[in-house]
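Here are my notes for your first pass. Please keep the structure open as you read.

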Amino acid sequence: MAGAYDDRDGFIWMDGELVPWREANVHILTHALHYASSVFEGERCYSGKIFKSREHSERLLESGRLLDMPLPYSIDEIEAAKEATLKANNLSDAYVRVVAWRGAGDDMGVASSRNPVRMAVAVWEWGAYYGDAKWEGAKLDIAKWKRPSPETIPVDAKAAGLYMICTMSKHIAESKGCSDALFMDYRGYVAEATGANVFFVKDGEVHTPLPDSFLNGITRQTVIGMLAEMNIPVHERHIMPEELSFFTECFLTGTAAEVTPVAQIGDYMFEVGQLTRNVSDAYEKLVRS
């Protein structure tokens with residue numbers, strides 16, 4: 001075991017320099033700790049190459065903009081920070097976490113415009129996000145919380161505060177022996193899992209929720225492009241919960257999840273079928289090409 005995340009060997013990039021892992025700390029009055037003024041990216045590096053790296057850096061900057069928190073780094077500077085962190089930790093296959101936040105400063109109320117925007121990059125080895133579910137199919141609970149309306153939150157930002165209901169929902173799911181939880185949105189449509197997008201299969205065609213109330217994942221977009229190349233029809237649309245009984249296969253997509261089959265959502269059962277296997281195999285080849 002590598003140990004707790006705050007007690008490891010290695011280096012973390014913080015604000016322009018590499019610091020020993022255990023010294024990568026922030027003050028207790030860091031604004032983000034109190035008000036969730038933080039955005040982040042999760043990425044995977046395969047054989048020394050971060051998959052879709054620049055797209056992730058672009059989204060990080062956009063997330064900061066949406067939270068009125070402009071980052072003081074360019075895409076090229078973020079890319080260089082990631083590469084330096086991987087090199088310092090001697091890793092070629094790793095998970096990459098880039099996080100930016102409002103630090104401690106002159107403001108300690110809700111407003112934080114006078115506080116500096118800080119950034120860090122950490123990398124570590126991380127296997128299959130859902131463990132054996134990668135091959136056997138994940139089991140999902142149905143969350144009681146709903147993905148909120150885009151009139152209430154910036155749904156296109158990968159912001160830390162938007163994950164609060166994800167943490168609560170996943171805790172409940174795990175207490176039931178599930179790997180994850182599936183959200184509906186504020187209208188009652190199927191939305192996403194706590195950290196992954198969802199796809200369904202019926203009669204050789206793929207159906208996936210329209211991302212109008214949740215983040216349009218980079219892996220999600222990649223898989224839709226792959227399906228088009230495989231001449232498999234994809235329907236991006238609103239999906240009602242009762243439709244789950246009509247689908248034969250289901251899978252999740254995400255940087256951490258990659259492509260993971262789903263065997264069960266609530267009382268609905270799915271087969272780990274050939275189309276899902278083909279997509280998973282094609283994705284594995286793509287990220288290592």
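1. Which charged end sits over the ring of Tyr5? That of Arg8 does, 3.9 Å from the ring centre. A charge counts as over a ring if NZ of Lys or CZ of Arg is within 6 Å of the centre and within 35 degrees of the ring normal. Arg147 likewise lies over the face of Phe183, at 5.0 Å from the ring centre.

2. A word on sources. This is a predicted model: local features need pLDDT of at least 70, side-chain atom pairs count only at pLDDT 80 or more, and totals for chains, interfaces and linings use all residues. Residues are numbered from 1 along each chain as its sequence is written, and side-chain values use heavy atoms, leaving out hydrogens and water.

3. The whole structure holds 10 aromatic pairs. Rings of Phe, Tyr and Trp (its six-membered ring) pair if their centres lie within 6.5 Å; planes under 30 degrees apart are stacked, over 60 edge-to-face, the rest tilted. Phe200 and Phe247 have centres 4.8 Å apart and planes at 20°, so they are stacked. Phe200 is buried at 0% relative accessible area, and Phe247 is buried at 5%. Buried means under 20%, exposed over 50%, partly exposed in between (1.4 Å probe, protein chains only).

4. Tyr5, Tyr95, Trp124 and Trp126 form one aromatic cluster.

5. Now helix H2, residues 53-66. Helices (H or I, at least four residues) are DSSP runs, numbered from the N terminus. The buried residues of H2 include Ser53, His56 and Leu60. Its buried residues fall within an arc of 160°, so they line one face; the arc is that of directions from the helix axis to the C-beta atoms.

Conventions
Helices (H or I, at least four residues) and strands (E, at least two) are DSSP runs, numbered from the N terminus. The expected span of a helix is 1.5 Å times one less than its number of residues.
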